[in-house]
Amino acid sequence: MQPPVKLAPQEPTAPPLLPAGRLLAPPLASRDSTVFSSLPAGGERASERGCGRRRRVAMAHGIIGSHHHPIMASRVSMLAHVLFLTTAVLMLVWLLHYRGGINIQSEDPEQVFNVHPFVMSWGFILLIGEAILAYSSIPMVDHRTQKMAHMMIHLVGLILGIFGVYAAFKFHDAAVVPDLMSLHSWLGITAIALFGLQWLFGFVTFWLPAAHEHTRDAAAPAHVMAGLAIFMLAVCAAQTGLVQKSAGAASASEMKLINVTGIFILLYGVAVASAVALRRAFL
C-alpha cells in the first residue's frame, strides 16, 4: 500500500497588478458598501448631514461666486452703521431746524408730535436694525453675550416704540385728530404688536433654559425670517409717515430733506437685510 501523497500548501495569490505595478483597488461600490456597513446608524446619519451641509455650502459658493463671504457681510454691516448715523442726523436736522424742536411736555402740539418720528426712527427702526446686526457687529465675544446684546437692544427698541405710539396718541388728543385713520397708523401698530410677540417668542425659545436644543434649531430660521419681515414692515410704516409729512411741508427744502431721509431709512433696511442674508447663507 502506497503512502498518501502530501500536497504542497498553496501560496496566497497576490492581487493583480496594474501595468505600473500598483495593486488594483476593489470597485468603488464595494468600498462604499463596506465602509457604510461598518458605520453605526448614528454615524450614517452624521455622515449624511455632513454631506448635506457641504452640498449647501457648495451651492452657496456657486450662487455668490466668492469665498470672501465673511468680509462681504462685514462690509455690508459697516455700510449699515454709516446709514444709521446718516439717517439719525437727517432726522434731527428736520425736527430741530424745520419743526421747532422735540418736547413731550410742550403746550405746542407740533413739538409733542415731533417726539413720535424721533423716537420711532432712532429708538425703534434704527435700534432694531442694530440689534439684528449684533451677531456681526460684536464678533470677538461668545455667542451668549451676542444673544444678550441682541435681546436687550430689541427690548429697548420695543419700549421706545411703545413710547412713540403714546406720543402720537397724545398729539391726536391735543390737536383733536381722530386716531388710527391712516395707513401709516395701521402699519405702525401692526409692526409694534408683531414685534412684541416676536420678542416674547425669542425670549422663551432662545433664552430660557427650558427650551430643548432641537426646538431652538428648528425655530431659528422662522425667527430670523419673521424678524426681518417685521423690521421691513416698520421701514414701510416709516415711509408712509414721511410721505404724509412731505405733503404738508412748509417749504421745498423741507420736502426734499424729508424725501432724502426716507431714502436713507430704506437703504438702511436693505443693508441690514443683506448683511443677514450673507451671514445666514454660509452658516
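**Close-up views of a loop and a helix**

**View 1. Leu-180 lies in the loop between H6 and H7.** Both are helices, meaning DSSP runs of H or I with at least four residues, numbered from the N terminus. The model is predicted, so local features need pLDDT of at least 70 and side-chain atom pairs pLDDT 80 or more, while totals for chains, interfaces and linings use all residues. Residue numbers start from 1 along each chain as its sequence is written, and side-chain values use heavy atoms, leaving out hydrogens and water. Leu-180 is not a glycine, yet its phi is positive, at about 55°. Its relative accessibility is 39%, so Leu-180 counts as partly exposed (buried is under 20% relative accessible area, exposed over 50%, partly exposed in between; 1.4 Å probe, protein chains only).

**View 2. Val-176 is in the loop between helix H6 (143-175) and helix H7 (183-207).** Val-176 has a phi near 55°, which is positive in a residue other than glycine. With a relative accessible area of 73%, Val-176 is exposed.

**View 3. Helix H4 (residues 109-132) has a kink centred on Met-120.** The kink is about 35°, where the bend is the angle between axes fitted to the seven residues ending at a residue and the seven starting there. H4 has 24 residues and reaches 34 Å from its first C-alpha to its last, close to the 34 Å expected (1.5 Å times one less than the number of residues). Why is H4 largely enclosed by the rest of the structure? Because 18 of its 24 residues are buried.

Note on methods
Helix = DSSP H or I, 4+ residues; strand = E, 2+ residues; numbered from the N terminus.
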